[in-house]
Amino acid sequence: MTGAPMRTGRNIMPQWSRREMLALSSGALLTACSGGGGSSSSVSVPPPPPPPPPPAGSPSLAELSAGKGMRFGTAINTGTGSTFNDNNYLNLVREECNVAVAENDLKWQAIRPSPDMFTFTGGDALVNFAQTENIGFRGHTLLWEDETRYPSWFDTYDFGADPAMEAERLLTEHISTVGARYQGQIDSWDVVNEAVNPGNGAYRSSPFSRNLGSMEAVLDIAFQTARDTLPNTQLVYNDFMSWGTGNAHRDGVLTLLEGMITRGAPIDALGVQSHIFAGTGNFGGIDEAAWRSFLNDVTSLGLDLVITEFDINDQNLPADIATRDGLIADYTTAYLGLMLEYSQLRDVLCWGLVHRYSWMQNFQPRSDGLQKRSTPFDDSYQPTPMYDAIAAAFEATTARS
């Protein structure tokens, strides 16, 4: 994003700066200012009209991140009631983001309705939007190795007399077709997503791994095909990880990465999804030493890091909005502070900007039925203390060369 964008999608009361609002994040005054406290999580509720523009002089997250040689962004999704059809949401993207990612539109279920058909309508719309707005774009995902995420036609697909050959043909066809369509438009791809079982650290089983004989074969074919098609694109292995990941999951992902490096598979980065579970006390009992050790091991392999899907699961936090928002900001400050110590991290993407659109509303819902406040903006498109914590994290980190 170039220049100073027009800021029309949110309203910050002029008597407080972001830093002052962050300092007040636990007080009732912030609750009145931020709005949206008990609003509905249903995406069917029409969004409010755009609020007046904020006062000049407040740098956006895009500007703050770009000033450090980094990018901040969010997921966007097409379809009825989606973020792409909400002009207020798109205004936030224009104002605050210098990178975006497809939430669902580039997954197999969306673009491969049958073995012999590709549908790119949603993906094209998102990529064209990003190009028009001079926003970078990430692709998610060329292969999701959770079998429940495969298109239904895989249930009866006939791999023929030579299943390995047909599996390789199908996989390479998909990656080369999708990759080539967006060559030069998508600068970073999640090539393979979630190939490791988080419960035990073993590889998952999938139609491709079974027919090709191993998950290692799937990884090598997928990444080599992506490199052949996209020689100048960042190739990422992405997994459901954060500092709350258990030892088995960390070990399994590290084994995957080490194996790929040893075999010469072309990989550039680990995508750390960063869906943060907010517990009680000591940031939910996080083993910071183990997480740092894991990140040290990953970066020592020569790999970069990407925060691909950041949000906060406030399932177990108090109901009071001011208290909850303050704790969410504390989690954001602590987690991003740790992650941004690694110069190999350049991109930080939230998995959505506005509470009402977050997948967290349907994932592990709160027992009190209240809306989760998992994102940097509330349902009135106003920044929350989480927003201020993200801004402060970018301000505090060192510039990337």
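Let's start with a pair of charged side chains in this predicted model: Glu133 and Arg94 meet in a salt bridge, with 3.0 Å from N to O. The two partners come from distant parts of the chain, 39 residues apart. Arg94 belongs to helix α4 (residues 87-96), while Glu133 sits in the loop between α6 (121-132) and β3 (136-140). Glu133 has a relative accessibility of 25%, so it counts as partly exposed. Arg94 counts as partly exposed too, at 26%.

Next, have a look at Asp146 and Arg204, whose side chains form a salt bridge at 3.9 Å, N to O. Asp146 lies in the loop between β3 and α7 (163-181) and Arg204 in the loop between β4 (188-193) and α8 (207-212), so this pair ties together parts that are 58 residues apart in sequence. Asp146 is buried, because its relative accessible area is 14% and the cut-off for buried is under 20%.

Now move along to Arg263 and Asp220, where the salt bridge spans 2.7 Å from N to O. Here two helices are involved: Arg263 lies in α10 (residues 247-263) and Asp220 in α9 (residues 215-229), so the pair ties together parts that are 43 residues apart in sequence. Arg263 is partly exposed, with a relative accessible area of 36%, and Asp220 is also partly exposed, at 23%.

Salt bridges can also join up into groups. In this model, Arg112, Glu166, Arg169 and Glu173 are linked in a network of salt bridges.

Conventions. Residues numbered from 1 in each chain as written. Predicted model: local features only at pLDDT ≥ 70, side-chain atom pairs only at ≥ 80, totals over all residues. Heavy atoms only, no water. Salt bridge = Lys/Arg side-chain N within 4 Å of Asp/Glu carboxyl O. Helix = DSSP H or I, 4+ residues; strand = E, 2+ residues; numbered from the N terminus. Buried < 20%, exposed > 50% of the residue type's maximum accessible area, 1.4 Å probe, protein only.
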